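Please study the sequence and the structure shown below. The paragraphs that follow lead through selected parts of the fold.

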Amino acid sequence: MAGFRERAAEGLQVGDTFRTSRTFTEDDVIRFARISRDYNPVHFDARFAKAKNFSAPICHGLLAASLATEIGGQIGWLASSMNFRFKGPVYVGETITCTWVMTAIDQKGRAKASVTTTKEDGATVIEADISGIVPGLEERKVLSQMLSEGDPTNRLTDAQQGRAAGDD
């Protein structure tokens, strides 16, 4: 089966489905807090999380939602709107899976996708409706060239990977 980028280079179609999974670590939560400056104690303090009716500190919602941006980035999607509905907590160490389904594409490449993120037990933690623009013919040609060159933009450099240990 073709990878995400290869499928995008071929041309995205209504019904195309993409999935990615990830298990966030405590270090991921800390790094996201540093970048976003979101230091809500619900992400770091067990007492505060318990007072909010969680069993432990939870991952940032937008960190968990970033699985959708991983897929969008892989397929060259240019987002114009994202509507997330957070349905349940994601705890450090839980594996979540994001499923992205292309639901509409018009002649100008404006598109819609339905996104659902679930835990291993099937519980939905995030639902989203995303609008954007899929790669057109010229972008698809460039994606094909990038792929033939080994897709140099698709991975961090070795030095950056060392700083981002734990990424899937």
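Buried means under 20% relative accessible area, exposed over 50%, and partly exposed in between (1.4 Å probe, protein chains only). Helices (H or I, at least four residues) and strands (E, at least two) are DSSP runs, numbered from the N terminus.

This is a predicted model, in which local features need pLDDT of at least 70, side-chain atom pairs count only at pLDDT 80 or more, and totals for chains, interfaces and linings use all residues. Residues are numbered from 1 along each chain as its sequence is written, and side-chain values use heavy atoms, with hydrogens and water left out.

Strand E4 runs antiparallel to strand E3 (residues 95-105), to which 9 bridges join it; two strands pair if DSSP finds at least two bridges between them. Ile 96 stands opposite Lys 119 of E4. In the hairpin of E3 and E4, 4 residues lie between the strands, and Gly 109 has a positive phi near 85°.

Strand E5 (residues 124-133) is also antiparallel to E4, again with 9 bridges, and Thr 124 in E5 is the bridge partner of Thr 118. The hairpin of E4 and E5 has 4 residues between its strands, and Gly 122 in the turn takes a positive phi of about 95°.

Helix H2 (residues 26-36) contains the buried residues Asp 28, Val 29 and Ala 33. They lie on the same side of H2 because they cover an arc of only 135° around the axis, taken from the directions from the helix axis to the C-beta atoms. The face turned away from this buried side carries the exposed residues Arg 34 and Ile 35.
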